[in-house]
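This report examines selected features of one protein model. The sequence and the three-dimensional structure are shown first.

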Amino acid sequence: MILDVQNISKAFGDDVLFDNVAFHIENNEKAALVGINGAGKSTLLKIILGRMDADSGHVVLARDASVGYLSQQPEISSELTVMEELLKVKAHIPALEADIRRSEALMKSLSGTALDEEMARYARLTERFEREGGYRLKSEAVGVLKGLGFKEEDFTRQSSVLSGGQKTRLEMGRLLLSAPDILFLDEPTNHLDLASIVWLETYLQNYRGAVLVVSHDRYFLNRIVTKVIELDNGRGYVYNGTFDDYTKKKEERLKAAYAAYIKAENERRHQEEVVAKLRQFNREKSIKRAESRQKVLDKMAPAEKPRTDVSDMRLHLSPRFESGHDVLRAEGIGKAFGDHVLLKDASFELFKGERLVLIGPNGCGKSTLLKMLNGLTGLDEGTAVYGAHVSVGYYDQEMQCLTPEKTIFEELSDAYPTLTNTEIRSTLAAFLFTGEDVFKTISLLSGGERARVSLAKLMLSEANLLILDEPTNHLDIASKEILENALNAYSGTVFCVSHDRYFINKVATRILEMEDRTLKSYPGNYDDYLFTKEKLAALSSSADDGGSLSVKTETASRRNWKDQKALEARKRKLAADLKKTEARIAELEETLNTITLTLSDPAVACDPEKSLALTKQHSEGEAELEALYETWETLSEENSED
């Protein structure tokens, strides 16, 4: 065991954050700390790390265990380069290497016993150098930086000029390279793109140490952890297994707790009814019995109703009116900032009812594309045209649509002046802003609170096309699930940028990947996208004729707007042919039934010429019907495949 948390409690005034939280972490175990925003996750981490005092309880860390901590506000501002800053955590290795070089030089001038002693010292130095990873340090450092999304040209940049997200990634690289016995990671995926998150997952899966991670990234947690510690309503609960196991076990726990609550309440009511009945009898013995039962009742602690839903946020997305089938057509889009080209001749289409998710590495231009579609940034080339009756609702991850100086109430009332005060308060209450909270200034809100204000404005827009830029970034897990359910129930169209793979799996009907300054379309959700990419990669690597296969792969992977248009046309033709075939089958079946009834008429049966003609017509109809059935089956299969 490397960490033992024993009955930790913390309160701020009368507000109890958590009480008697207890859990332990084994050596090399990977665990998650989860809970809604404000549950106390970061506070508990600070207590464990000794940066804050607990009101009660103890934290026991294994003797001589080394600790690494990634906070949400890293402190990197030195004039060292990115590579130099990273290698600082292994400063003893360059010093050791220098000592080895001095020993090598010294041995050239020694002989006899002195040489033997120096050779023995040299052997000890080189053995230690190898044991501590000196020979592989540079390659590991390069691998860590590249894995976290740094390019080689970034290695020589000064650390002080990095963005906040880059500093967080560099701090994470320092922690990973230092390889402490236990890692504490607070939202490690916040500033990573999909490729870097996947790399980090693999790194942590193979990490020879313990990890305790705070994260809202459910896909990430599901891939790395084998234990989940949840802070829920001031209490701590420990679940062994993956994140999916945790969700199932939590649901079972809540159901059991609710059943116990109902049982306790029923028992209390029953006892109260018995006491009341005994008193109604109004006899000495019955009154004594009633008093005796009442004493038992008075000692019974009131049953605490379990919270079956950790978030009360209510989000209902509904368009005011329907759009046409063709929602958006973008053709030949190009965008560059100086010599940095983001998009070149990129095209795609968006159709009514689709939930299209745009993915790609950090800095490739995903947010810029959304801004271009919203008219906030101009296109250098190409066109983006909305279809008939399209109204747009936009969620900006930077939340620039919010005015810092306004209060929450003013933000909604100014955006929707026709709403009454009661309607505005009712809407804000649905997003957990009640009482005096509605008069908080936007600039003073947390990221999660700003996200809820933005979602409230989005809901009130009643748009039929929602353009969302990283909508899950500041939401806790419960709020993410509410957003997912709202989007899946939404009858309009969604175009969304996200790196949250769990969210993408739940919501997406199609994925648009931004890569090599163009756009590629993949049907289905994130898992479908991965399957298609792996299949294409396998085909590419096993092909005998690389040229012809590359053409096939290019056709399959580079589904631009022309390919999508052809696919839609084929779908429409298949649907029309299927409908036409079904109509002919119905018509022919009715004709054959009529012929059968006619042939059963005695008058027709007595007329050989008419009977023979009808029999022949029936036989030909049966043959045609059989052929139609085969055609229908083929069309149905093709339609389902498409």
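## Basis of the report

The structure is a predicted model. Residues are numbered from 1 along the chain as its sequence is written.

## The open sheet

An open sheet is formed by 6 strands, arranged in the order β5-β6-β7-β3-β8-β9, with mixed pairing. The edge positions are taken by β5 (67-70) and β9 (235-240); each has a single partner strand, so one side of each lacks a neighbour in the sheet. On average, and with direction ignored, neighbouring strands of this sheet are turned by 15° against each other.

In general, strands of a sheet pair through backbone hydrogen bonds, in either a parallel or an antiparallel manner.

## Strand β3 and its two partners

Within the order of the sheet, β3 stands between β7 and β8. Strand β3 (residues 30-34) runs parallel to strand β7 (residues 210-214), and 4 bridges join the two. On this side, K30 stands opposite V211 of β7, and A32 has V213 of β7 as its bridge partner. Strand β8 (residues 227-232) is also joined to β3 by 4 bridges, and these two strands run parallel. Here L33 stands opposite I229 of β8.

Strand β3 is mostly covered, with 5 of its 5 residues buried. The side chains divide between two directions: K30, A32 and V34 point one way from β3, while A31 and L33 point the other way, and all are buried.

## Packing of helices α5 and α6

Helix α5 (residues 137-147) and helix α6 (residues 164-178) have axes that come within 10 Å and cross at roughly 145°. The crossing of α5 past α6 is right-handed.

From α5, the contact is made by L137, E140, A141, V144 and L145; from α6, the contributing residues are L170, G173 and L177. Sorted by class, the contact of α5 with α6 comprises 6 nonpolar, 1 polar and 1 charged residues.

## Aromatic pairs

A pair of aromatic rings is described by the distance of the centres and the angle of the planes. The model contains 12 aromatic pairs under the rule applied. One of them joins F129 and Y135 in an edge-to-face arrangement, with 4.9 Å centre to centre and 90° between the planes. F129 is buried, because its relative accessible area of 5% is under the limit of 20%. Y135, in contrast, is exposed, with a relative accessible area of 59%.

W199 and Y203 form a tilted pair, with 5.1 Å centre to centre and 40° between the planes. Both residues lie in helix α7 (residues 194-205), where they are 4 residues apart, about one turn of the helix. W199 is partly exposed at a relative accessible area of 22%, and Y203 is likewise partly exposed at 26% relative accessibility. Elsewhere, one aromatic cluster is formed by Y219, Y522, Y526 and Y529.

## A covered helix

Helix α11 (residues 366-373) is mostly covered, as 8 of its 8 residues are buried. The buried set consists of K366, S367, T368, L369, L370, K371, M372 and L373. Both K366 and K371 therefore belong to the charged class, since Lys is counted there, and both are among the buried residues of α11. The helix is followed by G375, which has a positive phi near 75°.

Most residues other than glycine have a negative phi. Against this background, N7 has a positive phi, near 50°, in a residue other than glycine. N7 lies in strand β1 (residues 3-12) and is partly exposed, with a relative accessible area of 42%.

A179 also has a positive phi, of about 50°, although it is not a glycine. A179 is found in the loop between α6 and β6 (182-186). With a relative accessible area of 42%, A179 is partly exposed.

Terms used:
Predicted model: local features only at pLDDT ≥ 70, side-chain atom pairs only at ≥ 80, totals over all residues. Heavy atoms only, no water. Pairing = 2+ DSSP bridges. Axes fitted to C-alpha atoms, helices over the stretch in contact; angles between N-to-C directions. Left-handed = near helix turned anticlockwise from the far one by under 90°. Contact = heavy atoms within 4.5 Å. Phe/Tyr/Trp six-rings, centres within 6.5 Å; stacked < 30°, edge-to-face > 60°. Buried < 20%, exposed > 50% of the residue type's maximum accessible area, 1.4 Å probe, protein only.
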